[in-house]
Amino acid sequence: MILNTVVSLMVSVSAQAKDSSSSSKTLEKVVCVSSQTLGVRSRNLKEVMFSAENGERVNVFQGWGENKRTKKIRGVRYSFVRVQFPDLAAKGEDSVGWVAEDYIRTKDKCSTAELPTEQKEDVKTSSENVKKEDSKDTGDQNKSTPSSISGLNDSDCCVFPLNSRPGESYLSGMRRFGANRSKGRRTHAACDLYQYRNAPLTAIADGRISNLGLYEFYQGTYAMELKLKDGTIARYGEITGYRNPQVFSARLNGKSNPNYLKVSAGQTNIAKMGKVNSNCCTPMLHFEMYSGKARGSLTNLRAKGYQRRSDLMNPTAYLQRWETKTFDTASASNK
Amino acid sequence: MNNEKIIFRTIVGGLLLGAFIALAIKFQARVLHKESAEDNASSPVSKNDGPKMPSLMTSAQAATPRSFPVGPNLAAGSLVNPPLTEEDGQEEESAQRQAIALAEQFRKPLNRTEVKSVTTFVQKMAKYAAPGFTPEMAFADLKKMGLQPEMAKASDPDTGSLVTIRTNSSLPGMRYIHLQFVGEENGATHLQSMTAEVRPGTDSMDVAKRAIHEQFNFRGAPANERADFAEWHRDPYTAWVKQLNTEEELMNNPFNARTVEDAGTTVLGYQVNPHTHDSDDHEHF
């Protein structure tokens, strides 16, 4: 009886949500229930294989194959959809099952998921916000964590974005900033840091991932933008689709994640190095930097040469300094 | 005489033991039946009891932990895992047969309608990437096609805006239509990425390559071509086709649900090229 009432209430709330506009701030789908968890069922819709947390990110299957089933329960026909939980898939766990369609919503249309309000805030991150126990969960480690920096020229700034030195120099060849592209019609706007696929990437300083989140970048790779306290922006390009839950999940372990989209200097595994589909090149981090003096998208097709925003910076000298600071200091302390 | 007594006692003893075992089994069955009835009364779904409300949501207590083994009739999960009946077993076998049949069907060459879908999608790539074409125009076009698009605009005071459009339904033989438009410094927008997937038919790669070659009027061979990949450059964009075959390729997408059973799926992409991976670019293996 109680269960019946709760379910009816949820269906009615969901119907109201469906009436709202098709435009929102995000298309990211989450589990949206009034309780803490939702049963994820097997194909016959009878066994509950595992439970998903309220607010947990979910991708709905489309296209070929059976992706939708209905079941009549006490005279009411419910629609179930086949879904995948990407955070579980990333961990290699069972990630596919069936859930009632009414309990899947876009993130900003789910009032019960208690999204953190950081999206509206400016950069207020501090290294203290990243709890050490959280880092242990995903094998993240903080190297040096300067409490605050005044800017890129601060001697404490910053940390090299890879865990170890790149396989080849970013000072020469087509990897360097300013190298010619398309027979001189374009210019390379980044330093390409070569290493291996899935190499963990490091936050260069305390900061916040831009509201754009992880987005499609190029040939099966993705990008994200890290905003530092002094306004500098670093674009991490050609990364994999991996989203570290500590950084990208609005909710963790059933609670609102206070570190949602926040990173601290030296925090590793904030992303992983990808490889483009063409297989043309060694896996790399395509690393771009901007001073933060301009506004708008970092890519600007109308800008000649680099085809980037007007505040594009040459990251080479900074990377060299951070490389020395990060690895020479580390090797000296090991001796 | 003694032997006869021993045989008689053995027979009587055996009968008594048999009767005791039978009674014990009957008693156990009654206890189990009672427990099962109690379980079904508080939760769900047993075909013999008629339709009942299943626990669509699990309570924190009833929730099956992630590490809990999958399977029916597990004691700890009895409230949320009702026992399967013989009928369920038959239904499951039938479903498995259907799944195998479907999987075989997905491997068949694309039919005429599906080939047309791929051509249409490639035409849209060229259309949406034209200067001045806005996300709103793309949204309206996809809606007109009946693809149930959803649009989201994420904006950041420091890094501009990103408009993402995805469709809830797709063209026959395709899925996961995903578009990204970015806002520039001057307020204009441009298509930055457009991708979709084609079902893993035996000729999907060839159909996709042919569609790109013809619809974009590319001359000659692709700039780069392998059995599972091809790309063409039209500055500032690159059109590409990639067949996903490995687990690594299939399982690393943050937006599209896939399993290893989707091996052979072909992805079509039209994206702003941050490098121009032509012959003078990077260092090839």
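Modeller: Start with confidence, as this is a predicted model. Over residues 29-84 of chain B, pLDDT stays under 50, and the model has 108 contacts beyond four places in sequence for that stretch. Residues 277-285 of chain B also stay under 50, with 40 such contacts.

Biologist: Why should such stretches not be read in detail?

Modeller: Because low pLDDT means that the predicted coordinates should not be read in detail. For chain B the mean pLDDT is 76, and 68% of its residues reach 70 or more. The model scores ipTM 0.82 and pTM 0.77.

Biologist: Turning to helices, what makes H3(B) roughly antiparallel to H4(B)?

Modeller: The axes of helix H3 (residues 112-128) of chain B and helix H4 (residues 135-144) of chain B cross at roughly 155° and come within 11 Å. Angles over 145 degrees count as roughly antiparallel, so H3(B) is roughly antiparallel to H4(B). Their crossing is right-handed. On H3(B) the contact is made by B:Lys124, B:Lys127 and B:Tyr128, and on H4(B) by B:Ala138, B:Asp141 and B:Leu142.

Biologist: How many residues of each class does the contact of H3(B) with H4(B) have?

Modeller: The contact of H3(B) with H4(B) has 3 nonpolar and 3 charged residues, and no polar ones.

Biologist: Which residues make the contact of H3(B) with H5(B)?

Modeller: H3(B) contributes B:Val115, B:Val118, B:Thr119, B:Val122 and B:Gln123, while H5(B) contributes B:Val207, B:Ala208, B:Ala211, B:Ile212 and B:Gln215. By class, that gives 7 nonpolar, 3 polar and no charged residues.

Biologist: How do you know that A:Cys32 and A:Cys110 form a disulfide?

Modeller: Their sulfur atoms are 2.1 Å apart, and a disulfide is a pair of cysteine sulfur atoms within 2.5 Å, so the pair qualifies. The structure holds 3 disulfides over all chains.

Biologist: What makes this pair a link between distant parts of the chain?

Modeller: A:Cys32 and A:Cys110 are 78 residues apart. A:Cys32 is in the loop between strand S2 (29-31) and strand S3 (37-41) of chain A, and A:Cys110 is in the loop between strand S9 (104-106) and helix H3 (132-137) of chain A.

Biologist: Is the disulfide of A:Cys32 and A:Cys110 right-handed or left-handed, and why?

Modeller: The torsion about its S-S bond is about 95°, so the disulfide is right-handed.

Biologist: Where are peptide bonds cis?

Modeller: One runs from A:Cys157 to A:Cys158, with omega near 5°. A:Cys158 is in the loop between H3 and strand S10 (180-181) of chain A. Another runs from B:Asp235 to B:Pro236, also with omega near 5°, and B:Pro236 lies in the loop between strand S6 (229-234) and strand S7 (237-244) of chain B.

Technical notes
Residues numbered from 1 in each chain as written. Chains lettered and ligands numbered in written order. Predicted model: local features only at pLDDT ≥ 70, side-chain atom pairs only at ≥ 80, totals over all residues. Heavy atoms only, no water. Axes fitted to C-alpha atoms, helices over the stretch in contact; angles between N-to-C directions. Helix = DSSP H or I, 4+ residues; strand = E, 2+ residues; numbered from the N terminus. Parallel < 35°, antiparallel > 145°, perpendicular 65-115°, else oblique. Left-handed = near helix turned anticlockwise from the far one by under 90°. Contact = heavy atoms within 4.5 Å. Nonpolar A, V, L, I, M, F, W, Y, C, P; charged D, E, K, R; others polar. pLDDT = per-residue confidence, 0-100.
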